Amino acid sequence: MKEYNISFDFYWAPYLVESNRDDTRFPFVRDHIVRIKAIEKHARQWINADILIFDSFAWWLENTTLLWGSFNSSDAIYKEVGRLRSYEMALKTWSDWLDIHVNRTRTQLFFMSLSPFHKLGEDWGMASDENCYSETEPITTDGYWGSMSDRRMMQIAEAAVHELRTRGLTVQILNITQLTEYRKEAHPSIYRKPWVPPTAEELSKPQKHSDCEHWCLPGVPDVWNELLYAYLLNYS
């Protein structure tokens with residue numbers, strides 16, 4: 001946006017730290033390997049930003065193997081570690097980097113909480129083989145919380161942010177989880193690619209092929225942006 005002298009960048013680092021899923025040219029890698037102590041490859045792109053907005057959740061639901069060392073090293077150590085502990089370790093690497101490298105007088109920091117899925121219709125009273133497909137109304141149960149949203153991961157992220165604050169570095173949590181839990185009807189379902197009509201297979205088995213993780217645009221993410229905008233206005 002030249003008239004405002006602003007640039008926006010989307011940077012792909014699904015685990016925050018380095019992984020074998022960083023290269024989007026190879027999206028179907030079966031085994032997810034995470035270099036749990038390696039972040040510099042990504043982080044060097046973040047140094048001069050005025051505003052940094054992080055999030056990391058969905059990819060941690062896959063089975064991951066942690067790696068100490070480089071991908072090509074003969075003496076690298078590979079180890080399977082539980083999801084929560086792996087997530088905690090990655091956020092420790094992330095927070096340590098922020099503490100050392102971020103300019104506290106320049107850069108505003110945000111961490112967005114987990115984005116809910118609506119893959120399990122039984123969560124809102126449907127049959128176990130139902131999901132977001134054909135849903136047209138939001139969930140109206142007060143305080144609804146889906147079974148796929150892991151509160152423990154949110155607590156780990158909040159703890160990492162709190163620990164940074166004790167070191168004098170403020171990171172704002174953008175908590176979009178609860179308000180988004182209600183929106184089971186806001187996913188693209190089998191219409192994820194609006195420029196391509198659904199295939200015969202997708203139409204015959206819509207539950208199997210429905211995208212109940214991402215969101216329609218415009219839609220729910222616009223509300224997230226409004227919350228971010230409110231934070232930015234308050235800061236300025």
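The legends below describe close-up views of a predicted model.

**View 1. The disulfide between C132 and C212.** The structure holds one disulfide, which joins C132 to C212 with an S to S distance of 2.1 Å. The torsion about the S-S bond is -85 degrees, and the link of C132 and C212 is accordingly left-handed. C132 belongs to the loop between β6 (108-112) and α3 (151-166), while C212 belongs to the loop between α6 (206-209) and α7 (220-235), so the pair ties together parts that are 80 residues apart in sequence. A disulfide is a covalent bond between the sulfur atoms of two cysteines.

View 2. C216, by contrast, takes part in no disulfide, and the nearest cysteine sulfur to it, that of C132, is 8.6 Å away, whereas a disulfide requires sulfur atoms within 2.5 Å. With a relative accessible area of 30%, C216 is partly exposed.

View 3. The buried residues of α2 are S86, Y87, M89, A90, L91, T93, W94, S95, W97 and L98.

**View 4. The open sheet of β3, β6 and β7.** Three strands form an open sheet in the order β3-β6-β7, with parallel pairing. Because β3 and β7 stand at the edges, each with a single partner strand, one side of each is left without a neighbour in the sheet. From one strand to the next, the twist averages 25 degrees. The parallel pairing of β3 and β6 extends over four bridges, and L52 stands opposite L109 in β6.

**View 5. Helices α3 and α7 on the sheet.** Helix α3 lies across β6 and β7, and runs at about 155 degrees to β7. Helix α7 also packs on the sheet, where α7 touches β3, β6 and β7, and the direction of α7 makes about 155 degrees with that of β6.

Definitions and conventions. Residues numbered from 1 in each chain as written. Predicted model: local features only at pLDDT ≥ 70, side-chain atom pairs only at ≥ 80, totals over all residues. Heavy atoms only, no water. Helix = DSSP H or I, 4+ residues; strand = E, 2+ residues; numbered from the N terminus. Buried < 20%, exposed > 50% of the residue type's maximum accessible area, 1.4 Å probe, protein only. Pairing = 2+ DSSP bridges. Axes fitted to C-alpha atoms, helices over the stretch in contact; angles between N-to-C directions. Contact = heavy atoms within 4.5 Å.
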